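Here is a short walk through one protein model. Follow it with the structure open beside the text.

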Amino acid sequence: MKACTSINVFFDSEFQASVQEQMRRAADGGFRHVDMNFWDWSHSEKSPFKQPDWRRWVEGIGAAARRMGLTFTQAHAHVYNFYAYEPENPHEEQIRRSIEGSGMLGIPWVVLHPSQRPDWEEADSLDRMIEENAAYFRGLAAYAQQFGVGLALENMSAAKHGFTTAGQLCRLIEAVGMPNVGACWDTGHAHLAGQDQSASLRELGGRLHALHIADNHGATDEHMPPFFGSIDWPPILAALREIGYDGDFTFEAHNLVRRVPAACQAEAIRLLYQIGAHMVEEAGEW
C-alpha cells in the first residue's frame, strides 16, 4: 500500500491546468502513485475527453506518467443514476470511455457508483434495486474485461440513497458474480452515513480493491485529509492491515489544497503526501 492521490486535487473547471500539469504538481509534492479522475473531465463540451480524438489525449497522459515516474493505480469513472435516464444516453459513452481509458493507462480498478431507486426503502425495493444494478454492472464488467479493468463499486454517502453499507455492497458484488467486480470504500461517505468503518472493512474483506480517503465532521462531504475531521483513523488502518487490502491509500482530499492561496498549494500537497506516508507507515506492511 502506497500513499496516492486523485489528480482532482489540482483540477480547474476552466481547463487552464492540463492533466499533465496536475500530475506534475502531485509528483512535486512527493506522490508517485496517482488516481485518474475521468469524472472531472466528462462534463464540459470543451473537455478533451469528450472529443472524437479522446484516445490521443489519454495516450498523452500515459506518456507523461512514464516520463514523470508516476503510476496510475485506480481511476474514477464518469457516473450517473441510470434510473433517471433511458438506457441509451450520453452518460454511457462517457463511462465506456472511462473504462477503456483506464485500460490504456494500465489501471486495474475503476470506481463507479451504484444507482439508487427513488423508492428503494419500500417493501422489496432494495432487492429489486440490487438485481437491477447487478444486471447493469454484469454487462459493464464484461465490457471492461476486454481492457483488463475491474469495476470497484463505491459506498454512497446518505441513508436515503441505499448502497451505504458494506452488507449492501457485498450483496451487489455477489449478485453480479463477475471476478472483475469488487468494492471501493469511501471513508468520508461512510462517516456521513454513520457506518462502523472497521467492521465494514472486515465485512468487505477481499472484495475491497480501492479506497477514497477523506475526512469530515459528519455533516457534509468536506473532502479534507485525515485529522481535519472527526473520523477515528487507527481502527480503519488496523482493519486494512487485517484484511490484507491490496490497493493504495488514495486521497480524495482536494479541499486541503484548493482552499488555500495559490502560493501555498505546493506546501499543501506536500503536507497531504506526508500525512499519507505517515498513515501507510502506521498501518505497516503486509
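Strand 2 (residues 33-37) pairs with strand 3 in the parallel sense, over five bridges. Strands (E, at least two residues) and helices (H or I, at least four) are DSSP runs, numbered from the N terminus. Two strands pair if DSSP finds at least two bridges between them. Across this pairing, D35 stands opposite Q74 in strand 3. The chain gets from strand 2 to strand 3 through helix 2 (residues 54-68), a right-handed β-α-β crossover. Right-handed means that, with the strands pointing away from the viewer, the path from the first strand over the helix to the second runs clockwise.

This is a predicted model: local features need pLDDT of at least 70, side-chain atom pairs count only at pLDDT 80 or more, and totals for chains, interfaces and linings use all residues. Residues are numbered from 1 along each chain as its sequence is written, and side-chain values use heavy atoms, without hydrogens and water.

Strand 3 (residues 71-76) has five of its six residues buried, so the rest of the structure largely encloses it. Buried means under 20% relative accessible area, exposed over 50%, partly exposed in between (1.4 Å probe, protein chains only). Two bridges also join strand 3 to strand 4 (residues 109-112), in parallel. There, H76 has V111 as its bridge partner.

Now the cysteines. How many disulfides are there? The count is zero, where a disulfide is a pair of cysteine sulfur atoms within 2.5 Å. The sulfur of C4 lies 11 Å from its closest cysteine sulfur, in C184, too far for a bond. For C170 the closest is also in C184, at 14 Å, again too far.
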